[in-house]
Structure formats: structure tokens, C-alpha cells
Amino acid sequence: MAYLTDFVKSTLSRVVLGKDIPAFPYNIGDRVDSFDSSIWALHHGTKREDNSAVSILCFDSVRQRDKLPLARNAFKKFRTIRHPDLIKYIDGVETESYIYIVTDAVTPLQDHLRSNMDPNLIRWGLYKVANVLKFLTVDASFIHGNIRPSSIFLTKSGEWKVGGFELLSSLKEDQPAILTFAGLVPDSNRYAPPEVRKRSWNVVKEYELWSTDTWHYACLIYEVYNGTFSTPEQLVNPGKIPSEMAPFYKNLLRPDPKSRPSVGDFLEKGLQAKGFFQIDLIQAVMFLENFSVKEPIQRDMFLRKLDLQIEQYPSEFCKYKILPELVHALEYGSGGAKVLPPIIKIGKGLDDQDYDHLIGTVLVKMFSSTDRTIRLSLLENLNGFIERINKKIVNDKIFPSMALGFTDTAPIIREWTVKSVLLIIGKLTEKTINYELLRYLGKLQTDEEPGIRTNTVICLGKITKYLNDGMKAKILVPAFTRSLRDPFAHARVASLMALNATCDSYERNDIATRIIPCISLTLIDTEKIVRVQAMRSLETFTRRIEKLVESMPDSAIVETGRDSPNGNVRSTTPSTPSSETWAGWAVSSITKKLVTGEMQSQGGPPPANSNGPSPVNTPTPSNGSKATSSTMGNGMSLSSASSSSLGANGLQIASGMNDSRQPADGFTVNRYSSALAAVEADEVVGGGRGGGGVGSGGWGNEDDDLFADEGFEPMDGGSSSSAFEPSTPSPMPSASTMKPASFGKSLNPSTTASSAMPLGGANKASSRLGFGALDDTDAWAGDDDLFKSLNVSNTTPKAASGTAPPG
């Protein structure tokens with residue numbers, strides 16, 4: 001007995017799972033138990049080639065031999081009739097024991113009705129069923145004869161597909177299935193129209209083709225809204241059927257088949273103005289299905305409306321029905337840039353795998369599009385999808401295409417490309433950031449559009465934390481101090497705030513010698529917003545430098561060689577300044593080596609230490625001025641020039657002067673040594689051009705090429721810098737040019753704001769400054785809150801009436 005049971009199970013397994021079916025490339029999976037009111041058994045399945053999901057309808061020819069004609073008629077019609085609203089036939093096979101029909105992956109309508117289906121999807125489904133019945137009865141001259149919930153299936157997008165082809169037939173056939181085998185269908189009497197119940201199914205041929213399907217369609221409407229009915233009398237009460245649909249529903253149930261309207265008439269009534277099929281979801285799908293043939297104005301209006309309504313639609317419907325249509329329109333150009341916002345909104349509800357498959361690949365491809373509107377739309381909506389894309393794809397594919405926008409001829413493209421840097425910076429490699437990206441930003445700092453220059457400074461300030469230490473030292477000070485000379489006031493403010501936000505990135509020498517001098521020159525800027533921010537930034541750097549010098553010693557001088565009272569050699573640091581220690585500091589810090597060599601060449605070796613100065617014979621200068629020589633307490637002899645020989649560059653150190661303008665202690669310091677002149681020349685070369693050594697293009701420094709040691713060519717930005725380079729002195733004057741007389745004069749810059757380029761070009765897009773930061777009061781939120789105090793709205797060239805800061 002056990003052997004027989006195992007044999008039966010083995011045989012059923014081979015047959016049901018398709019192992020004995022020749023050339024059947026599908027795996028038959030579990031049965032859907034809820035689908036039990038049909039002659040078919042519904043199974044989940046997969047295609048062996050790619051493991052894609054399918055559904056398989058299985059008919060047991062042995063157990064249901066009396067219903068075999070129905071199954072064979074359905075199998076025949078599946079293979080011969082095609083319509084978008086019919087369940088899609090993929091493959092099928094008939095054996096002695098089973099008939100298998102492979103379709104798209106579907107689920108029974110009955111399962112969805114039990115779970116409170118979305119009302120919009122119900123109307124959409126009823127519309128689709130009415131549409132396919134109109135096709136069958138009017139266009140193809142068929143009678144379906146089996147419209148009921150068990151004949152309707154749903155795809156993963158929520159679309160209704162019509163099946164149940166057991167009775168589908170034409171009256172022109174020799175033996176129409178509906179006339180011969182209709183009584184074999186389960187529950188045929190419950191769904192039969194009144195004329196059939198009174199007589200037989202043969203009466204169908206005496207009336208219009210649609211009369212039977214119209215009745216069945218009314219039964220479907222009732223069961224969708226109210227559940228299963230047991231007697232035809234229950235159909236008279238509309239129940240939960242929508243009030244706007246109820247009158248037309250009752251017309252479908254007229255007892256006289258000659259007076260029943262066709263389902264096509266019902267469809268037309270629903271599509272009229274304010275009809276029951278005039279809902280947003282149906283209108284949206286109908287438009288998308290004919291999107292390519294619509295006028296451009298109609299497409300734009302539809303896409304704007306869809307963008308507002310897309311979040312109200314069922315997620316699965318958006319994912320598998322609306323999204324593919326939109327992606328197709330974007331990829332092949334019929335939709336344009338306005339297709340992107342609804343695509344991004346739908347993508348928020350997708351998992352990573354579906355996102356990459358349905359959206360990600362197309363978005364990456366669109367970055368290389370030659371259509372500027374699409375590229376601009378991608379940049380404007382970048383924050384909606386960039387986090388869903390892999391870092392490697394962003395760095396290797398998106399950034400190279402996106403970087404073309406840095407040099408685009410359209411100002412709005414350049415502007416949005418700069419703004420987009422903040423969104424992708426976290427997905428770029430260190431090499432891409434520190435070399436490729438910085439090259440583009442250096443070029444844009446000399447852009448003809450003032451708004452783009454301002455945004456570039458803001459961008460650089462915000463990405464500072466991603467730069468390596470070497471690039472920070474090379475780039476930040478030249479870049480920010482350069483913008484302090486920009487004729488556009490908001491660019492100067494942005495530079496001051498960027499310096500303020502990146503205060504911790506600078507060494508004390510840079511702060512004291514390069515940054516604070518530049519900031520101080522903006523304290524008398526013609527624009528108040530610049531002056532206010534300059535004062536704040538100066539306070540920040542003052543506190544910073546105070547903290548940095550706390551660890552420095554009180555003095556760098558170490559006195560040696562003097563005996564302490566106890567006979568030991570002592571090293572002291574003077575705590576109180578005096579003429580002797582101050583002069584000693586001057587000697588040690590300025591002329592320690594220089595003067596020693598000069599003394600040896602002029603007066604021979606210094607004399608031995610003595611308690612006081614002794615006169616020494618010195619040669620008379622060739623110009624006739626009187627030269628003197630003296631010795632100091634430490635034994636060093638300095639040559640001094642008379643008052644007639646001291647020019648503007650002369651430095652005289654003395655505690656007092658007698659009537660003959662000789663030092664009271666008998667010595668002076670001559671600054672005309674060749675070595676000291678070389679020191680001054682070096683200062684002029686290093687910082688004489690101002691702005692941290694900014695040259696004519698890019699971020700110039702002491703080196704002409706900031707990237708020389710990395711093996712990169714410098715960016716050529718020389719010609720563009722002249723677009724906003726002021727003719728006033730640079731903010732970093734050299735030591736040789738800083739004369740006391742010059743500080744008493746008012747410095748009037750020659751470059752006015754009227755010379756600045758219009759903000760934003762023809763479309764004025766560049767007026768949106770600072771990535772949305774310069775036009776509101778909370779600009780750089782977070783730890784690097786740069787622009788909180790700056791409030792600029794509708795910035796125009798007129799607003800930049802201030803001139804370039806002095807210096």
C-alpha cells in the first residue's frame with residue numbers, strides 16, 4: 001500500500017511540475033489556493049532561462065474530462081487573440097494529462113477585493129474591462145460569455161487583465177462554444193441573463209452580441225463593490241456602487257436584451273465631462289499611453305499636473321505602470337526635462353535593486369545628453385536621486401559628464417554645476433576632489449558672472465573639510481583673499497565669511513602676515529555689509545592668533561657668556577624692555593650676520609670686550625658724509641651714517657640724539673647693506689602682488705603652478721581675471737611700499753560696481769546666490785555657519801553699487 005502511494009505521488013510530481021512535458025522551459029511552482037472557482041488551477045512559475053516570474057494555468061484533462069472542450073477552446077483563443085487588456089499569453093503545451101498555459105505573472109482579482117482595494121484602481125480596472133469588451137463585441141465580433149471576478153487577473157502594476165476564455169467564441173464558427181458548452185462553466189446559472197434562464201444559451205444568437213456580456217459586466221460591477229450575490233434580485237440594489245455610476249449601472253440590468261446598452265455606450269458615458277471615469281488616475285494613464293503623439297504644450301501641462309498628483313496614486317501602480325512610461329519618454333526624448341521630477345518622486349519609494357534597474361541606469365545615461373534642458377533639470381533635481389547612486393558610478397561616470405558644465409557657455413549651467421558640487425562631493429575620490437575639481441573651481445573664480453564667482457567662493461568654503469592638508473595650504477588663502485578684491489560686494493562678503501568658517505585651517509604665519517592684513521583693508525569698504533563682516537572676521541582671527549601664540553616663548557633671545565653672581569654661566573630672557581635689550585634684539589633679529597660681515601670689511605675684527613665704548617678710526621665715506629664707529633657692550637662694532645646720509649629707507653636705532661644728530665651712545669644701524677636689501681626684495685616677490693600672491697589667473701601663489709609637484713598642468717585663467725581686477729593697490733603691500741605717509745591718504749578704488757557683469761545673464765539665473773544661501777538668513781547651517789547674517793534678495797548689479805575694497 002505504501003508503495004502504491006509513493007508511486008502515485010511520484011507520478012503526480014513529474015506531471016504537475018512539468019518534468020514529463022517535452023520542451024517545456026518553465027518550472028511550475030506552488031498553486032494559488034484562493035483561485036478555486038474556475039476549471040483552471042493557477043500556479044506560480046519561473047522561466048528556466050532567466051528565472052523570471054510567470055504564471056501557469058494548469059488543466060487536469062483526466063479528472064475534468066467533461067470540461068476538456070472548454071479548456072481546449074480557451075487554449076486556442078489564448079494563442080490567436082491579442083489585446084493590451086487581455087491576459088498576455090507567453091507559451092503553452094497540451095499533453096494527454098494536462099494543458100498548460102503560461103502567462104505574465106498575475107494574481108486573481110478575488111485576492112485584491114478581499115483586502116480593500118484602492119477605489120481609483122477599481123475604476124481603472126472597470127474601465128479596462130469595458131475597453132476590452134468593446135473591442136471583442138464591436139471590433140472583433142466575439143462574445144466573451146464569462147465575465148466575472150474569477151476571469152479577471154491583476155499584474156504587479158495593478159492593471160486588470162481579462163482571461164476566462166472558455167466560452168470566447170464567434171457566432172460565425174461551426175460550433176460556438178457559448179452555445180454548446182456554456183452550461184459546463186461553474187456557476188453558469190447564477191450569472192446567466194434573464195433570457196437564458198427562461199430558455200437556454202441558444203437564445204444568445206437571437207440578440208445583439210453584447211447583450212450577454214453587458215449583463216455579466218453589470219454583475220462584475222456589483223461584486224467588485226458589494227461582494228458575491230446569490231440571486232439576480234440582489235443586483236437591483238446598487239449598494240456601495242458610486243452614486244454617479246449607479247444610474248448607468250441599472251441600465252445594464254434591463255430585463256429586455258434589446259434595450260440593454262452595450263458596454264461601449266457605458267464606457268462613453270463614463271468618459272464624458274464629470275463622468276465616473278473622469279478621474280485623475282485614468283486620465284493620466286490614458287495620456288501616457290498616447291504621450292508621443294501629443295502636442296508639446298499638452299505634454300508640458302500634463303507633466304506639471306502629474307508632478308503635483310503623483311504622490312496620491314497607489315505606489316505599485318506608479319512603480320510598474322506610470323514609471324516605465326515616463327522613463328521611456330525621458331530616454332527617447334518625447335518627454336523632455338519636465339519628465340524628471342515625477343520620475344524622482346516615484347523613485348523614492350523603490351528599493352535599491354528596483355531603483356538601479358528602473359531609474360538609475362537611465363539617469364546616468366542622461367548626464368551625457370547634449371540637450372541643455374535635460375542636463376539643467378538633472379542638476380536642479382540632483383538632491384532627489386544622487387544618494388541612491390553608487391559612489392563608483394558617480395565618480396567614474398556622472399562627474400566627468402557633469403564637469404562639462406563648469407565650462408559651458410550658458411551661465412545658468414555653470415551656476416547649477418557649482419551648486420551641485422556640494423551634493424556629490426561625498427561620493428568623489430580624494431584625487432578627483434583635490435586636483436580635477438579644484439582646477440574647475442579655480443577657473444570659475446574669474447568667471448564673468450559675479451553670482452558664479454560668489455557661489456564658487458561659498459562652494460570652496462564648504463568643501464574645505466574634504467581637501468587634504470597640502471591643498472588647503474596652497475589653495476585657501478590665495479582663493480579667499482583674491483575674492484576680497486572682487487568688485488561685486490557679495491563676493492567680498494562671501495570671501496570674508498568663508499575665511500571665518502575655515503579659520504581653524506590656517507597656520508599662525510598665514511593668519512598674521514597674509515589674512516589679517518587683507519581683512520583689515522576691507523574695514524573701510526564702501527559697502528556696509530562688507531565692513532560689518534570684516535569686523536567680525538577680524539575678531540575671529542584675532543582670537544585665533546592669540547590662541548596660537550600662547551605657547552610661544554616670551555622672547556627668542558638667549559643671553560650667554562655672562563657670569564652669574566655665584567660664578568655660573570647663566571642664560572636669561574629679559575622680562576623688561578630697555579634700550580640695551582631692545583637694541584640687542586634689533587641686532588640679533590635683523591643684522592646678526594649681515595652687520596658682522598660689514599664690520600669686518602670696514603673696520604677689521606671687533607675689539608675685545610670692554611666696559612664702555614672706545615672710539616675707533618673709520619674711513620670717510622666717498623660722498624662726504626661723516627661716518628662714525630662705536631662698540632656695544634657685547635663687543636659688536638656697527639658702522640653708522642650721519643644724518644645727511646640717512647634716506648627714506650634708513651633705519652636709525654638710538655636712545656637719544658645730540659645737537660650734531662649723532663647717537664647718544666655713539667652708534668647707528670645702516671640699512672643699506674646688500675643682504676637686507678635682498679630681504680626686502682624677497683618680500684616684494686613673495687607678497688607684493690597682494691591677495692596672498694594671487695597672480696593673473698587661477699589661484700596664483702609664490703609658484704606659478706600650484707599643482708606642479710603633482711604632475712598637473714595649471715589652469716589658464718589669466719585673461720578672465722581682468723574682468724574684475726581692480727586697479728587699486730593690492731591688499732598685501734610689500735614692506736618696501738608701506739610708507740608712513742601713504743596711510744594718511746584716502747584710498748579711492750577705481751573699479752565701481754557698475755563695471756560688474758550682469759548677474760545671471762539673459763535668464764538672470766545667477767541671481768540665486770550661495771546655493772540658496774545668500775538670499776536667506778540661514779545660509780550655511782551647521783558647524784560652518786558662514787552666511788547666517790547675510791540677507792540678500794533679488795540681487796542685481798545695481799545692488800553692487802559699492803566699489804572694490806581699498807587695497
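Reply: pLDDT is the predictor's confidence in each residue, from 0 to 100. Here its mean is highest in strand S3 (residues 53-60), at 96, and lowest in strand S12 (residues 637-641), at 33. Strands (E, at least two residues) and helices (H or I, at least four) are DSSP runs numbered from the N terminus. This is a predicted model, in which local features need pLDDT of at least 70 and side-chain atom pairs count only at 80 or more, while totals for chains, interfaces and linings use all residues. Residues are numbered from 1 along each chain, and side-chain values use heavy atoms, without hydrogens and water.

Me: What is the average pLDDT of the chain?

Reply: The average is 74, and 66% of the residues score at least 70. Where pLDDT is low, the predicted coordinates should not be read in detail.

Me: Which strands pair with S3?

Reply: Two strands pair if DSSP finds at least two bridges between them. S2 (residues 41-47) runs antiparallel to S3, with six bridges; threonine 46 stands opposite alanine 53. S5 (residues 98-104) is also antiparallel to S3, with seven bridges, and there isoleucine 99 partners phenylalanine 59.

Me: Is S3 largely enclosed or open?

Reply: Buried means under 20% relative accessible area (1.4 Å probe, protein chains only). S3 is largely enclosed by the rest of the structure, because seven of its eight residues are buried.

Definitions and conventions
Buried < 20%, exposed > 50% of the residue type's maximum accessible area, 1.4 Å probe, protein only.
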